[in-house]
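Here are my notes for you, written for a first look. Keep the structure open beside them and follow along point by point.

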Amino acid sequence: QVELVESGGGLVQAGGNLTLSCAPSGRIFSIDHMAWYRQAPGSKRERVADITRDGRPNYANSVQSRFTISRDNAKNTVYLQMNSLKPEDTGVYYCNADRIDAPSGVGHDYWGQGTQVTVSS
């Protein structure tokens, strides 16, 4: 059973930086499209950024120029570098993979357990 595991969340002051990481827990062959989502209390989950397997990124308008998504296909890991953080960036951040090819077979739509990011004003 493949699971995605996020790390790197925490408490930071406004204007600070954090880097999130996400990687699968078990052995896999490859991951296709990957993305980061976030959910603030009382709000719907929203897409923050996503990246294709060949490294093309897309960003939500609210994080454009402040966040950078990247991936290391050799490590099957996706990162989210968050700079100039604002209190409105607070929420639980989730990693998503649309397709994972693993020894157990091909699966779709994987989610991590989430990591809390809190930005204080």
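1. Let's start with a salt bridge: the side chains of Asp89 and Arg66 meet in one, at 2.8 Å from N to O. By salt bridge I mean a side-chain nitrogen of Lys or Arg within 4 Å of a carboxyl oxygen of Asp or Glu. The two partners come from distant parts of the chain, 23 residues apart: Asp89 lies in the loop between β9 (77–82) and β10 (91–102), and Arg66 in the loop between β7 (57–59) and β8 (67–72). Strand names follow DSSP runs numbered from the N terminus (helices are H or I with at least four residues, strands are E with at least two).

2. A word on what you're looking at. This is a predicted model, where local features need pLDDT of at least 70 and side-chain atom pairs count only at pLDDT 80 or more, while totals for chains, interfaces and linings use all residues. Residues are numbered from 1 along each chain as its sequence is written, and side-chain values use heavy atoms, with hydrogens and water left out.

3. Are Asp89 and Arg66 buried or exposed? Asp89 is buried, at 1% relative accessible area, and Arg66 counts as buried too, at 10%. The cut-offs are under 20% for buried, over 50% for exposed and partly exposed in between, with a 1.4 Å probe and protein chains only. Salt bridges with shared partners tie Arg38, Glu46, Arg66 and Asp89 into one network.

4. Stay with Arg66 for a moment. Leaving out residues up to four places away in sequence, Arg66 touches Gln81, Met82, Asn83, Ser84, Leu85, Lys86 and Asp89. Contact here means heavy atoms within 4.5 Å.

5. How many salt bridges does the whole structure have? The search finds six. Among them is the pair Arg38 and Glu46, whose side chains meet at 2.7 Å, N to O. Arg38 is buried at 6% relative accessible area, whereas Glu46 is partly exposed at 36%. Another pair is Arg47 and Asp50, at 2.6 Å, N to O; in this one Arg47 is partly exposed at 32% and Asp50 is buried at 8%. As background, side chains of opposite charge can pair when their charged atoms come close.

6. Now the nonpolar core. The largest one has 30 residues, and those with the most contacts inside it are Trp36, Leu80, Met82, Tyr93 and Ile100. A nonpolar core is a set of buried Ala, Val, Leu, Ile, Met, Phe, Trp, Tyr and Cys residues joined through side-chain atoms within 4.5 Å. At least two residues of this core come from each of β3 (18–24), β5 (34–39), β6 (46–51), β8, β9, β10 and β12 (115–120). The largest share, five residues, is supplied by β10.

7. The torsion about the S-S bond is about -80°, so the disulfide is left-handed. Both cysteines are buried: Cys22 has 0% relative accessibility and Cys95 has 0% as well.

8. Next, the sheet. Four strands form an open sheet in the order β1-β3-β9-β8, with antiparallel pairing; two strands pair if DSSP finds at least two bridges between them. β1 (4–7) and β8 stand at the edges with a single partner strand each, so one side of each has no neighbour in the sheet. From one strand to the next the twist averages 15°, using axes fitted to C-alpha atoms (for helices over the stretch in contact) and angles from 0 to 180 degrees between N-to-C directions. Between β3 and β9, which run antiparallel, there are five bridges. Look for Ser21, whose bridge partner in β9 is Tyr79.

9. Last stop: Ile31, in strand β4 (residues 30–31). Ile31 is buried, with a relative accessible area of 0%. Where does Ile31 make its contacts, leaving aside neighbours within four places in sequence? Its partners are Pro24, Arg53, Arg71, Asn76, Ala97, Arg99 and Ile100. Ala97 is 66 residues from Ile31 along the chain, and their C-alpha atoms are separated by 6.8 Å.

Note on methods. A disulfide is a pair of cysteine sulfur atoms within 2.5 Å.
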